[in-house]
Every structure is written in C-alpha cells, then in structure tokens.
Amino acid sequence: MISHRDSNAQRIAALDERAEVLKLKRGMGIADARAMHPSIDVVEADAEADRRLLEGLADWCDRYTPLVAIDGEDGLFLDVTGCTHLFGGERAMQDEILTRFFQQGFDVRAGLASTPGAAWAAARFHGDRIVAGGEEEALLSPLPLSALRIAPETRISLESVGLRTAGAVMAAPRAPLARRFGATLLLRLDQALGRLDEAVSPRLPVAPLSVERHLAEPVVLTDDIERLVSRLAVALKSDLERRGEGARALALLLFRVDGAVSRIAVGTSRPLREPTLIRRLFHERLAALEQDIDVGFGFDLVRLSVLSVAAFDMLQGDLAGEVADDDADIALFADRIRARLGEAAVLKPVVVESHLPERAVAIVPFAEAPQRRMPPNRSGRSVPPMTIYPPERPVRLFRSPEPIEVPATEMPEGPPMNFRWRRALHRVARAEGPERIAAEWWRKLPGEEEAPTRDYYRIEDSEGRRYWLYRQGLYGASQTSPRWFMHGVFA
C-alpha cells in the first residue's frame with residue numbers, strides 16, 4: 001500500500017489487488033489498517049516522483065496525439081480527434097494503448113467518448129468502454145455523483161437531499177439546483193453531455209509541422225537515426241516551401257519501445273529548410289548527447305517537428321545559379337557550435353541606441369541577434385545597405401574604466417602630457433580630441449544624481465602605443481577636480 005498525510009493523519013492513497021482482497025479501501029487510516037492486518041507493507045507516497053512518472057507517460061502518449069493533457073494526479077486526457085483512423089479505428093487504438101501500458105507494467109483504465117467528461121467517467125467507472133455520440137446520458141445516469149467531477153462538498157450536499165446519482169441530478173429542475181448548489185454543477189453536467197464545449201489544454205505546444213516514421217525494427221545506432229532525420233527533413237521541406245517559411249526551431253522525438261521518450265531540440269539563427277543542413281545540426285546535437293541518451297532496446301518511432309517558423313526570404317541568383325550570401329556560412333557554423341556546446345557558446349555584439357561607449361554594444365546569443373537584411377535594387381539583386389561609420393573606437397574596450405594618474409596638462413581643458421596607468425608612466429607623444437560625451441539625462445531616474453560629462457582623447461605614447469582615455473567632469477563645474485580614466489586600447 002501507499003500512504004499519504006491527510007488532515008494530520010496517515011491514510012491509504014493507493015493499494016494493490018492483494019490489499020483489496022483484505023477489505024482495505026482508499027482513504028482508510030493506516031492505524032486502522034494495521035490493526036486489521038499487522039503484516040501489511042506501507043510505503044510513503046512521493047508526490048514529485050509520481051508527477052515525473054505521469055509526465056513521462058504523457059510524453060509517451062505523444063505517439064498517438066500531440067494533444068495530451070494531465071488530469072489531476074493520476075490521469076491523462078488525450079484528444080484523438082482525427083487520429084483514430086491511423087491506428088485502425090477507435091477500438092483498435094484503445095486496445096493498443098491498454099496493451100502497451102500492460103506490457104510496461106501498468107494497470108490502467110481507458111474510456112473514449114465525444115466529450116472529456118463522458119470519457120473521464122467511462123474510464124473511472126467502467127475501465128474499458130467506448131461511448132458513441134449521443135449515449136453520454138445513458139452512460140452517466142446510473143453512475144454516482146463523483147462521475148460529474150464536482151467538488152466533494154457539493155457532492156455531500158446533493159446526497160443529503162437524496163440526489164445520489166447523476167441521473168437523479170439530470171431529472172431535477174435546473175433552476176433550484178443552480179440556486180442551491182451553484183452554477184458549477186450544471187456546467188459540469190452540460191460539459192459531460194456535450195451541451196457546452198470543454199477545452200483540453202495540452203501540456204506542450206502543438207508543433208505547426210511534424211513528420212514521423214514508424215519502424216518495424218527498432219534502431220539503436222546514431223547513424224541510423226541521422227539517416228532517418230534526413231529522410232524526415234525531405235518530407236518537411238515540401239511543406240515549408242508550400243507555406244513560404246523556414247524552420248527556426250526543430251525537435252527530434254525518439255520513442256523507445258519500453259515507453260521512454262527522448263526529446264532533442266536545435267535552434268537556427270536563420271530560417272532553414274534544407275535537409276542536408278538540418279541533418280548537420282542534429283549530427284552535432286546527437287554527438288553532444290551521445291552519453292546521455294539511453295537507447296535501451298531501441299526506438300520504434302522517430303518524429304521530426306518544427307516548433308517555430310519564420311518567413312523564408314528568397315535571394316536572387318546570378319546566371320550560374322549561385323546566390324551570394326556571405327552570412328550563410330557563418331550562421332551555419334554558429335548553429336552547429338550551439339547545437340554541440342549550447343546556446344551560450346556563440347555570442348554576438350549588437351549595436352544599442354546609446355552614445356555612451358559602455359552601453360552602445362550588447363553581447364547577446366547569436367540566435368537572438370538581429371539579422372542583416374540586404375534589400376533588392378531595381379534589377380532584383382540584393383545590394384548591401386548603406387553603412388554609417390561611427391567615430392573611431394578602440395579595439396578593446398574595458399568592461400569598467402580604470403582610473404589613471406595625470407600629474408599635469410598643457411591647459412585645463414587639454415590632453416595630459418603624461419599619465420601613470422597600472423604603475424607604469426607613459427609619456428604622451430600625440431593626442432587627438434576632445435570628443436565630448438554627456439550623460440543620458442533622459443534615462444536618469446528620479447532622485448538619481450546626473451553623471452558628469454566626459455571628454456575623450458585618443459593618445460599615443462612615446463613607444464607608439466595608443467590609448468583611449470577620458471576626463472570625467474569639467475574644471476570649475478564643481479568643487480572637486482576632474483578625474484581621469486582609461487577606457488580602452490587601440491591596436
């Protein structure tokens with residue numbers, strides 16, 4: 001038996017067939033059960049482990065439909081609309097599900113109906129039943145009130161006035177029921193009978209495009225999986241071309257024969273639909289996860305899904321059929337590195353709307369960086385966009401400016417004659433500037449002190465080394481003297 005704590009008492013949460021023979025029931029106190037049978041074996045329930053197991057079973061049920069939802073602590077909802085014919089019909093599909101669960105060591109019950117409420121009642125109170133459309137009322141009428149999925153306090157109140165079955169509630173006047181027991185009771189009844197629609201929210205988003213391959217013989221080798229990925233990608237390409245889109249995120253689902261499911265996802269920095277390139281990405285990802293994927297007795301179902309898409313821009317080719325896209329190879333290289341080493345393995349600097357040097361560039365993951373687009377000219381050929389060159393900036397910009405010592409200047413507003421940085425004295429041979437950069441007053445928070453103005457200089461010392469330093473503050477603007485900082489170095 002499995003026990004759990006309920007109202008400061010240990011009670012039976014689940015029991016096996018041998019315990020049922022001993023007249024033990026769910027909800028009975030553990031103390032009473034031990035008094036009746038001292039030799040019973042009781043195990044404490046692990047809610048988190050049960051949740052992980054239920055989620056694993058939900059993953060496995062994706063082989064039948066992508067619309068799988070978790071129902072409470074011990075159930076699953078499968079929306080199989082439009083899927084039953086792929087498995088030989090409703091009865092054949094339900095028998096296959098029950099058989100496969102039995103082979104995995106689970107004792108399950110299943111019900112199939114046109115409404116979630118009727119299917120829930122058929123599974124919980126019949127175990128294996130298919131309810132045809134229009135037979136929901138006949139199914140529910142003899143069942144207890146708990147078949148309506150109502151709250152326990154509502155069920156107790158109904159039983160106290162003599163309404164003990166769902167049929168008795170259906171025969172009673174609706175208006176008094178709503179006034180005394182609330183609208184939820186009638187809502188559940190109408191949902192079960194199909195008078196009102198009930199949405200089942202899947203636990204995972206449904207992929208816009210998916211292709212799969214059922215295998216007569218399970219595969220265990222990585223090379224075989226990659227070949228299947230290539231074949232599935234070919235099938236995806238035609239669908240993507242018809243929609244004028246490319247894949248930005250793909251997932252490979254490997255269904256093991258014993259019920260375990262492996263999900264392998266890759267992302268692309270640009271819309272992609274070429275099968276060869278998709279196979280390369282999954283080759284890198286499978287190589288990185290080779291030690292983590294447990295093939296067991298092999299995979300008998302392989303599915304390739306497109307999780308997100310984007311518009312696929314066609315580029316004009318020349319007379320030889322070649323397309324000039326200098327960024328394509330870089331994007332593919334970055335995607336392969338990210339597939340093997342993770343999203344943070346490749347970063348890219350992007351320009352930010354700020355004139356402060358330390359804020360003008362942000363480092364973001366390669367896939368999140370905006371892509372450069374080349375607009376077509378009158379002839380249809382892509383031309384590079386106009387480039388605006390900013391003021392000269394150092395090759396290496398320090399994360400935080402470092403303070404330097406400036407003993408004297410040519411004039412109060414001029415560059416330094418020499419300075420000391422990292423304990424070394426540098427004599428200035430040439431200087432350019434100043435380039436004045438003021439604080440971004442429009443971003444200042446209420447009550448925050450405004451940052452001082454900076455005057456930047458490009459400095460070359462007597463040994464030919466070039467630096468980028470600035471004076472913070474203005475002479476005479478405050479009681480304190482301006483301070484000098486090193487912000488970067490040139491090549």
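Guide: Leu347, Val361 and Ile363 make a nonpolar surface patch of about 280 Å². The model is predicted: local features need pLDDT of at least 70, side-chain atom pairs count only at pLDDT 80 or more, and totals for chains, interfaces and linings use all residues. Residues are numbered from 1 along each chain as its sequence is written, and side-chain values use heavy atoms, with hydrogens and water left out.

Visitor: What makes a patch?

Guide: Its residues have over 30% relative accessible area and no salt bridge; nonpolar side chains (Val, Leu, Ile, Met, Phe, Trp, Tyr) are joined within 5 Å, like charges within 9 Å. Accessible areas come from the Shrake-Rupley method with a 1.4 Å probe, and for residues only the protein chains shown count as cover.

Visitor: Why is Val361 called partly exposed?

Guide: Buried means under 20% relative accessible area, exposed over 50%, and partly exposed in between. Val361 has 45%, so it counts as partly exposed. Val361 lies in strand β13 (residues 361-365). Strands (E, at least two residues) and helices (H or I, at least four) are DSSP runs, numbered from the N terminus.

Visitor: What makes a salt bridge, and how many does the structure hold?

Guide: A side-chain nitrogen of Lys or Arg must lie within 4 Å of a carboxyl oxygen of Asp or Glu. The structure holds 41 salt bridges. Side chains of opposite charge can pair when their charged atoms come close.

Visitor: How do you know that Asp300 and Arg100 form one?

Guide: Their closest N and O atoms are 3.8 Å apart, and the limit is 4 Å, so the pair qualifies. Asp300 lies in strand β11 and Arg100 in helix α4 (residues 90-103), so the pair ties together parts that are 200 residues apart in sequence.

Visitor: Are these two partners buried or partly exposed?

Guide: Asp300 has 11% relative accessibility, so it counts as buried. Arg100 has 23%, so it is partly exposed.

Visitor: Why is Arg256 called buried?

Guide: Arg256 has 12% relative accessibility, so it counts as buried. Arg256 forms a salt bridge with Asp258, with the closest N and O atoms 2.7 Å apart. Asp258 has 33%, so it counts as partly exposed.

Visitor: What makes Arg430 exposed?

Guide: Its relative accessible area is 54%, so Arg430 is exposed. Arg430 forms a salt bridge with Glu460, with the closest N and O atoms 3.3 Å apart. This pair links distant parts of the chain, 30 residues apart: Arg430 is in strand β16 (residues 424-437), Glu460 in strand β17 (residues 454-461).

Visitor: What makes a nonpolar core?

Guide: Buried Ala, Val, Leu, Ile, Met, Phe, Trp, Tyr and Cys residues, joined through side-chain atoms within 4.5 Å. The largest one has 29 residues; Ile225, Leu250, Leu252, Phe282 and Leu304 have the most contacts inside it. Helix α11 (222-243) is among the elements that each supply at least two residues. The largest share, seven residues, comes from α11.

Visitor: Which residues does Phe282 touch?

Guide: Contact means heavy atoms within 4.5 Å. Not counting residues up to four places away in sequence, Phe282 touches Val229, Leu250, Ala251, Leu252, Ile264, Val266 and Leu304. A second, separate core of 24 residues includes Leu143, Leu148, Leu177 and Phe181.

Methods. Buried means under 20% relative accessible area, exposed over 50%, partly exposed in between (1.4 Å probe, protein chains only).
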